[in-house]
Amino acid sequence: RELREMLSPPVYDRFFSFAFVRNPWDWQVSLYFYMLKTRDHFQHRLIHSMQGFEEYIRWRVREDRHLQKDFVTDEAGNLLVDFVGKYENLEQDFAQVCARIGIQAALPHLNQSGHRNYREYYNERTRNLVYDAFKEDIEFFHYTF
């Protein structure tokens, strides 16, 4: 959204634009573990002081919620990018982007956290908290738990 405003719509629209999104439940587990292990992350101390994942989720949905949709849509909810890839299909979707822009590239797997499947961290309460807080992303990008 910000880039489109900076370039102006006619200039922005000349380029192929893309973004990648992630299942909100998976995203929160990944963020939680990333912030816990990354000592220089600006929220490391805060997250580390929490009593666990459930407290983190309560904080996230009440205090620091960011919708992925807001990065790729205008104020009326219209998609501003030509392609939305999903983290869950990262290799295939990245290959589509590369083919579209005419490059050959490999995507290394960096920043691995080593946590279990995201579903194992949720109980009914936390699953519903994420659903309610990120409902717009869940519906817009067609995610399910």
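User: What makes Lys86 count as sitting over the ring of Tyr143?

Analyst: A charge sits over a ring if NZ of Lys or CZ of Arg is within 6 Å of the ring centre and within 35 degrees of the ring normal. The charged end of Lys86 is 4.3 Å from the centre of the Tyr143 ring and sits over that ring. Arg127 likewise lies over the face of Phe145, 5.2 Å from the ring centre. The model is predicted: local features need pLDDT of at least 70, side-chain atom pairs count only at pLDDT 80 or more, and totals for chains, interfaces and linings use all residues. Residues are numbered from 1 along each chain as its sequence is written, and side-chain values use heavy atoms, with hydrogens and water left out.

User: Why is the pair of Phe33 and Tyr121 called edge-to-face?

Analyst: Rings of Phe, Tyr and Trp (its six-membered ring) pair if their centres lie within 6.5 Å; planes under 30 degrees apart count as stacked, over 60 as edge-to-face and the rest as tilted. The centres of Phe33 and Tyr121 are 5.2 Å apart and the planes stand at 65°, so this pair is edge-to-face.

User: Why is Tyr121 called buried, and why is Phe33 called partly exposed?

Analyst: Buried means under 20% relative accessible area, exposed over 50%, and partly exposed in between (1.4 Å probe, protein chains only). Tyr121 has 17% relative accessibility and therefore counts as buried, whereas Phe33, at 23%, counts as partly exposed.

User: Why is the pair of Tyr56 and Trp59 called tilted?

Analyst: Their ring centres are 6.0 Å apart and the planes are at 40°, so the pair is tilted. Both Tyr56 and Trp59 are buried.
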